[in-house]
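This report goes through one structure by topic. Have the sequence and the coordinates open while reading.

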Amino acid sequence: MFELDKILRSHLKELEPYSSARDEFSGEARIFLDANENAIGSAITEQYNRYPDPYQRLVKEKLAGIKKVKPDQIFLGNGSDEAIDLIIRAFCEPLEDNVIILPPTYGMYKVSAGINNVAVVQVPLTADFNIDETALFAHINANTKVIFICNPNNPTGNALSETSIIRLLEQFSGCVVVDEAYIDFASHESFTRYLDKYPNLIVMQTFSKAWGLAALRLGMAFAHTAIINVLNRIKPPYNINGLTQEKALQALSNESIKNTMVASTLQEREWLIGALSELEMVQKIYPSDANFILVRMEDPKAVYTYLIGEMVVVRDRSNVHLCEGCLRITVGTRAENDVLAQKLRAWS
Ligand SMILES: *Cc1c(COP(=O)(O)O)cnc(C)c1O
């Protein structure tokens, strides 16, 4: 059974968080002389002289409606990267605890654990890129605090077994992080619908992919309020800057634009799969629930280098276990995909 108090690092239970000026007074006032801001204004036309809302209330309120969660089930981070780091720092004692990842997967889980001096236990996916449940349960020990599951998975592009993840949520007494960076491109529903059922579930999403706002650096984590409170206590006070909060709020009012871009990306994904499948050099195109496809070919390194010479960059994943022979190709615009297809036709 999951008990937050059992996995929270003990020194954090006593920690007195930084109390910002905006924590101590967040109401209406005429004159703010409490935060040593520049009262005159900003050195640019737009005014950014005031500290932003440390809890991003307006963004969360709007986001809660769209994601069908409560505002206090939302944490916002400086990219998903920040959420990954804070989750590890909240629950994993360096040199003592471990996290489990299921490679081939997103690289930041391992890097972030490494930075925090936390051991990483790797339980590879099966050959068809699914969760090896028997191996996974066998690798969980008393010091396993967090399991990272990327769904749909990067770099393979596929969705993982929902029943396996559910079994994990029910039987593992630590946190299960389901990273849904690509959920908008997937045919399955988000795990956010299980938030009320599983207190150990953390769902991560991002503004970097479907919303098209990678430069803003804004990641979302959805979880039970108790977990959100922990993340809020240990985050840098003003982790989401004011400009990002404004732009995110604007984007959330334009959900239909996001949906149109997703629909177009899905069409392009099919077009690209069609174009690539006609090439002799292509051995296998893996099914994708994301905005990229994993493609196995005869000589991936030569193709990669050739494409670079043609000013087209894809991701070489051929050194990654289970992705031998593979390039990962992001779905571009029709014009970009067409250039890629032409260049590949010219090569083979
Ligand atoms: C792109 C991606 C993210 C997004 O990270 P940000 O820091 O929010 O830009 C998160 N997880 C996975 C698996 C990704 O591929």
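## Model and ligand site

The model is predicted. The ligand is surrounded by 14 residues, and the closest are Tyr182, Thr206, Ser208, Lys209 and Arg217. By class, the shell around the ligand holds 5 nonpolar, 5 polar and 4 charged residues.

A backbone N or O atom of Ser80 is 2.8 Å from an oxygen atom of the ligand. For Asp81, an N or O atom in the side chain is 3.2 Å from a ligand oxygen atom. Asp179 instead faces a nitrogen atom of the ligand, with an N or O atom of its side chain 2.7 Å away. On its own the ligand has 390 Å² of accessible area, and the protein covers 94% of this.

## Cysteines

How many disulfides are found in a search of the whole structure? The search finds 0. A disulfide is a covalent bond between the sulfur atoms of two cysteines. Cys323 is in no disulfide, and the nearest cysteine sulfur, which belongs to Cys326, is 5.4 Å away.

Helix α8 spans residues 162–171, and its buried residues are Ser164, Ile165, Ile166, Leu168 and Leu169. An α-helix has 3.6 residues a turn, so residues three or four places apart point the same way.

## Cis peptide bonds

The peptide bond that joins Asn151 and Pro152 is cis, with omega at about -5 degrees. Pro152 sits in the loop between β4 and α8. Another cis bond runs from Asn154 to Pro155, where omega is near 15 degrees. Pro155 is also placed in the loop between β4 and α8.

Gln56 is not a glycine, yet its phi is positive, at about 50 degrees. The residue belongs to the loop between α3 (21–24) and α4 (57–67). Gln56 counts as buried because its relative accessibility is 1%, where the limit is under 20%.

Leu95, again not a glycine, has a positive phi of about 65 degrees. Its position is in the loop between α5 (80–91) and β2 (98–101). Is Leu95 buried or exposed? Its relative accessibility is 74%, so Leu95 counts as exposed, for which the limit is over 50%.

## Ser20 and its contacts

Ser20 is in the loop between α2 (10–14) and α3. With a relative accessible area of 0%, Ser20 is buried. Leaving aside residues up to four places away in sequence, Ser20 touches Pro54 and Tyr238. The side chains of Ser20 and Tyr238 are joined by a polar contact of 3.4 Å.

Leu243 is part of helix α10, which covers residues 242–253. Its relative accessible area is 39%, so Leu243 is partly exposed: the value falls between the 20% limit for buried and the 50% limit for exposed. Leu243 and Pro52 are 191 residues apart in sequence, while their C-alpha atoms are 8.7 Å apart in space.

Leu213 lies in the loop between β6 and β7 (219–223). Its C-alpha atom is separated by 8.4 Å from that of Ala248, a residue 35 places away along the chain. Which residues does Leu213 touch, not counting those up to four places away in sequence? They are Phe207, Ser208 and Ala251. Of these, Ser208 is also among the closest residues to the ligand.

Note on methods:
Residues numbered from 1 in each chain as written. Predicted model: local features only at pLDDT ≥ 70, side-chain atom pairs only at ≥ 80, totals over all residues. Heavy atoms only, no water. Helix = DSSP H or I, 4+ residues; strand = E, 2+ residues; numbered from the N terminus. Buried < 20%, exposed > 50% of the residue type's maximum accessible area, 1.4 Å probe, protein only. Near = heavy atom within 4 Å. Polar contact = N/O pair within 3.5 Å; in protein donor to acceptor, adjacent residues only side chain to side chain. Areas by Shrake-Rupley, 256 points an atom, 1.4 Å probe, with all protein chains shown as cover. Nonpolar A, V, L, I, M, F, W, Y, C, P; charged D, E, K, R; others polar. Disulfide = S-S within 2.5 Å. Contact = heavy atoms within 4.5 Å.
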